[in-house]
Amino acid sequence: MTKNNPGQSATGEHPVLVALQGPLEGGRWMIIEPIVIGRETDCSILIEDRQVSRHHARVTVENGHCLLEDLGSKNGTYHKGKALDSPVQLVDGDVIQVALIQKFGFYSSDATMPMEDLDPAFFNQPGKLKLDAKSRRVWIGSRELDPPLSAAQFRLLLCLYVQSGKVISRNEMIQCTWGEEETVGVSEQALDALIRRLRDRLAELNPSHPYIVTVRGHGARLDNL
């Protein structure tokens, strides 16, 4: 039997870090593998500021729980306003601060992320795709996609959306959409067909921009305007 991804909740959605106040504001990172935050270029989340240590903090997943630890940083990592001196388990809605430069919100899945943490300016940007995982609604600019996406289409779009601009492998897209337990029976043709249908739905609101870009031999990425 295939083991569940330890960073995946029972609903098949991954925990998420959302950049709040700071230079990375608006960024989102799914926590699937350990995430290192720091100034060094090999970090998962790069903050190019001298207040941030080369390898400043790390978020890992153990037994289905996310743990935050400081990596001996000079200016500290803060959890709910208190400096960390040992690893701490994160719970939905926790606020993390790296040095004095960047705040993050932790959410047990993208579906629990409150609307106020989504950039309201998206509504005023023609062509910009915005997604609210809690209500499962999708907008492009100020226009909402109606009727809503199917469950599979939405899960695929969510997988791409929370990692906008990053190439997502075909295997990861299948896992996000159908769940690890079901991936054995999912064909490449089924994924291709789902991507085509999702492209067609997004084209209903903006036919001039191909939001889902295929990267041959690697997967696909979301090109959000």
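**View 1. Strands β10 and β11 of the predicted model form an antiparallel pair.**
Four bridges join β10 to strand β11, which covers residues 102-107. Within this pairing, Ile96 stands opposite Phe104 in β11. The two strands make a hairpin with three residues between them. In this hairpin Ala99 takes a positive phi near 55°.

**View 2. Strand β7 also pairs with β10.**
Strand β7 spans residues 77-79, and strand β10 spans residues 95-98. Three bridges join them, and the two run antiparallel. Tyr78 stands opposite Gln97 in β10. Strands of a sheet pair through backbone hydrogen bonds, either parallel or antiparallel.

**View 3. Five strands make up an open sheet.**
The strand order is β4-β3-β5-β6-β9, and the pairing is mixed. At the edges are β4 (45-46) and β9 (88-89), each of which pairs on one side only. Inside the sheet order, β3 (residues 35-38) and β5 (residues 57-62) pair in the antiparallel sense over three bridges. Ile37 stands opposite Ala57 in β5.

**View 4. The largest nonpolar core has 31 residues.**
Leu129, Val138, Leu157, Met173, Leu202 and Ile212 touch the most other members of this core. Two or more residues come from each of the helices α1 (151-161), α2 (170-178) and α3 (188-203), and likewise from each of the strands β12 (129-132), β13 (137-140) and β17 (219-222). Helix α1 gives the largest share, eight residues. In soluble globular proteins, nonpolar side chains tend to be buried together.

**View 5. Met173 is shown with the residues that it touches.**
Leaving aside residues up to four places away in sequence, Met173 touches Leu156, Cys159, Leu160, Ile168, Leu191, Ile195, Gly219 and Ala220. Met173 is also one of the residues that touch the most other members of the largest nonpolar core.

**View 6. Residues 1-12 have pLDDT under 50.**
Over this stretch the model has 21 contacts beyond four places in sequence. For the protein chain, the average pLDDT is 84, and 84% of the residues score at least 70.

Key
Residues numbered from 1 in each chain as written. Predicted model: local features only at pLDDT ≥ 70, side-chain atom pairs only at ≥ 80, totals over all residues. Heavy atoms only, no water. Core = buried A, V, L, I, M, F, W, Y, C linked by side-chain atoms within 4.5 Å. Buried < 20%, exposed > 50% of the residue type's maximum accessible area, 1.4 Å probe, protein only. Contact = heavy atoms within 4.5 Å. Pairing = 2+ DSSP bridges. pLDDT = per-residue confidence, 0-100.
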